[in-house]
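Dear colleague,

I am passing on the structure we spoke about, with the sequence alongside. Please have a look at it before reading my notes below.

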Amino acid sequence: MKQDIVRLSPDALGYKDRGKMKWIGLMLSDHAEALKKQKQGARDILISPKPRQSMEDISGCLYRSYTNKNPLAVQLDIINEGQYLPDIEGFVVGVKGDAVFIKQRDRTLKRIVLEDIRHIDWLNASDWFEKYTRQNVLI
């Protein structure tokens, strides 16, 4: 009786090579570590409080931003981990009740309650919109 030699490959036995998946897993851990260091670096930046503006000044700035699409930077009167939050940059796209909606560079809307606003600074419109349109081209 003649014996047949049967050769089975790992693929024939159902083995799936996860080479790419293993590589992605290795990269994911390095990426997560880099993001953690970046976040820690952002926390180390000391954000100083700006002078508190009156509600009339704040309302005037918000109205001007809404009507003329002028970009602004809003500092909130909220302290997190002992310091103020970074400024929210964008322009006003709407108002509902006691909240203002600001469209940011990444096209996300940020809802801000009027009572939480501490200070508003104007941004250079040509710089802000140039960066804003440059991002649109890349998408």
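Predicted model: local features only at pLDDT ≥ 70, side-chain atom pairs only at ≥ 80, totals over all residues.

Residues are numbered from 1 along each chain as its sequence is written, and side-chain values use heavy atoms, with hydrogens and water left out.

Overall, the chain has 3 helices and 7 strands, where helices (H or I, at least four residues) and strands (E, at least two) are DSSP runs numbered from the N terminus. Read from the N terminus on, the order of the elements is α-α-β-β-β-β-β-β-β-α. Of the 139 residues of the chain, 22% count as buried; buried means under 20% relative accessible area, exposed means over 50%, and partly exposed lies in between, with a 1.4 Å probe and protein chains only.

Gln 104 and Pro 71 are 33 residues apart in sequence, and their C-alpha atoms are 9.2 Å apart in space.

As for charged side chains, the structure holds 6 salt bridges, a salt bridge being a side-chain nitrogen of Lys or Arg within 4 Å of a carboxyl oxygen of Asp or Glu. One of them joins Asp 87 to Lys 50, with the closest N and O atoms 2.5 Å apart. Because Asp 87 lies in the loop between β3 (83-84) and β4, and Lys 50 in the loop between α1 and α2 (55-68), this pair ties together parts that are 37 residues apart in sequence. Asp 87 is partly exposed, at a relative accessible area of 27%, and Lys 50, Asp 87 and Asp 121 are linked in a network of salt bridges.

A further salt bridge is formed by the side chains of Arg 52 and Asp 77, at 2.7 Å from N to O. This pair links distant parts of the chain, with Arg 52 in the loop between α1 and α2 and Asp 77, 25 residues apart from it, in the loop between β1 (72-76) and β2 (79-80). Arg 52 is exposed, with a relative accessible area of 53%, whereas Asp 77 counts as partly exposed at 29% relative accessibility.

Arg 105 forms a salt bridge with Glu 89, the closest N and O atoms being 3.4 Å apart. The pair again links distant parts of the chain, from the loop between β5 and β6, where Arg 105 lies, to strand β4, where Glu 89 lies, 16 residues apart. Arg 105 counts as partly exposed at 24% relative accessibility, and Glu 89 is likewise partly exposed, with a relative accessible area of 31%.

What do the aromatic rings show? A search of the whole structure finds 0 aromatic pairs; such a pair would need rings of Phe, Tyr and Trp (its six-membered ring) whose centres lie within 6.5 Å. Arg 64, however, lies over the face of Trp 122, at 4.1 Å from the ring centre, the criterion being NZ of Lys or CZ of Arg within 6 Å of the ring centre and within 35 degrees of the ring normal.

With kind regards

Notes
Phe/Tyr/Trp six-rings, centres within 6.5 Å; stacked < 30°, edge-to-face > 60°.
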